[in-house]
Amino acid sequence: MHFYLQMSCNWKKTALQASSILWLVAMLTPTACRAQESPYFVTYDHHLEEPGNLEIETYTTSGIPRAGQNAYVAPYLELEYGVLGRWTAELYLEGQGTIADSAVFTGWRLENRFRPLKREHLINPVFYLEYESTSEASRIQKEIVGGGPDVISPNSELQPIKNHELEAKLILSSTVRDWNIAGNFIAEKNVSRGEGFEFGYAFGVARPLATLASGASCRLCRENFLVGVELYGGLGSTVDGFRVHDTPHYIAPVVSWQLSENGSLRFSPAVALTSEGSPVLLRFGYSYEVRDFRSKIARLFGGKR
Amino acid sequence: MRAAIYTVLVFAALSAAYGQNTGYQQDPGWRAPSEAEARPNPLAKHPEAAAGGEKLFKRNCVECHGDNGTGLEKKHAADLQLPAVQQQSDGTLFWKITNGNPDRGMPSFSRLPELQRWQLVLYLRTLKSASAPSHETKK
């Protein structure tokens, strides 16, 4: 909590320090790297975590304010674990700090992705189920449903309102000539209150900058970069009706850079297409993959695997 | 908060219980369709591309198949030097890299661009054991 408080007060200084640390980490780590991670922040494709591996990811969503709004930084930590070849589970811890307001821990989420088909197909479906225990002050905007988050009311009003929500997504994803094309259809139900079902969507396309790997070990090779674009937004609810004009929608270029053997950096500036929500969202992410995490934990407890 | 901790603990226990690898065996059901099997390697006339394949192999494959492709026992991973592997066509190896065999621990590498998967196939051909009889690559 203290961390978030400091972050909201000194966010420029913290951002500078964080980027310096990330750069240092990038320069000190080996240049060999793994298969590129998806560059998306909101859209899911059909690729799951390798079984037994743990990916530790930190993200921030920063909202540039409109008149009458305050800027905010919403950091979140994601632990992504490959349970089986076709089952990935993730735990999220999230917070939020708003300039001239306060900093709060906004809750946690537990999500699961299941891939029903064993082989690659033209369209690959993935089923997504999530439970959220968050407050109304949550602003990470990992997805946008209904009318989007409240980015105007103060934390003192929003934080006491707790939500227990179930969310389902149908993820459809294709690989066409080295392009990934993915679409997510989202339905969310707040089981704490009668808000009906809220809906949202996310689409993304992405491609590596180079499709042939060079023989040399390099950090700035084009093959280490993925670029693309995402489009996401809310579609109203069963209570307020299906609507698109007064809900937030964003278009967001995305880029990811495989920095090291296990680490990658992502960035995405999202621009609002409607007058709802924040006009610009700046998203940063760093992920680090712990290979063979399951065996490492088993060895800690005397196991052989 | 207590409910959250219990949920996470129960989930972790379930994950561990269901996350066991029961041991590697050649999966007779893991067969490439005939059209995939017949696909030639577009990089076959560019042996220099194998250097990139080696880099990709070290990035993505040594974790289970070991530095020289002989397969790590603890991972129940296939020995890629075996004739049983080397006798498979380029198209079959490409199909297996692309699709994986997720229920047997082999992930799909369709995330890699197509040419990089062909580079991996090119490099796999260099892993033939010195003691193994040489085999012509099936096209």
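1. Start with helix α6 of chain B, residues 90-99, which is mostly covered: nine of its ten residues are buried. The buried ones are Asp90(B), Gly91(B), Thr92(B), Leu93(B), Phe94(B), Trp95(B), Lys96(B), Ile97(B) and Asn99(B). Helices are DSSP runs of H or I with at least four residues, strands are runs of E with at least two, and both are numbered from the N terminus.

2. A word on what you are looking at. This is a predicted model, where local features need pLDDT of at least 70 and side-chain atom pairs count only at pLDDT 80 or more, while totals for chains, interfaces and linings use all residues. Residues are numbered from 1 along each chain as its sequence is written, and chains are lettered from A and ligands numbered from 1 in the order in which they are written.

3. What covers α6(B)? The cover over its buried residues includes α2 (34-37) and α7 (114-124) of chain B. Just after the helix, look for Gly100(B), which takes a positive phi of about 65°.

4. Phe94(B) turns up again in the largest nonpolar core, which has 23 residues. Such a core is a set of buried Ala, Val, Leu, Ile, Met, Phe, Trp, Tyr and Cys residues joined through C-beta atoms within 7 Å. Along with Phe94(B), the residues with the most contacts inside this core are Leu120(B), Val121(B), Leu122(B), Tyr123(B) and Leu124(B). Two or more residues each come from α3 (50-60), α6 and α7 of chain B, and α7(B) gives the largest share, six residues.

5. Take Leu122(B) as an example. Setting aside neighbours within four places in sequence, Leu122(B) is in contact (C-beta atoms, placed from the backbone, within 7 Å) with Asn41(B), Leu43(B), Ala49(B), Ala50(B) and Gly53(B). Another core, of 18 residues, lies apart from the largest one and has Tyr40(A), Ala202(A), Tyr232(A) and Leu281(A) among its members.

6. Now for chain A. It has four helices and 13 strands, and 43% of its 305 residues count as buried. Among contacts in chain A between residues at least 6 apart in sequence, 63% join residues at least 24 apart.

7. Finally, where the chains meet: the contact takes 35 residues from chain A and 33 residues from chain B. On the chain A side, β2 (72-84), β3 (87-98) and β4 (103-114) each supply at least two residues, with the largest share, three residues, from β2(A).

Technical notes: Buried ≥ 20, exposed ≤ 12 C-beta atoms within 10 Å, placed from the backbone. Contact = placed C-beta atoms within 7 Å.
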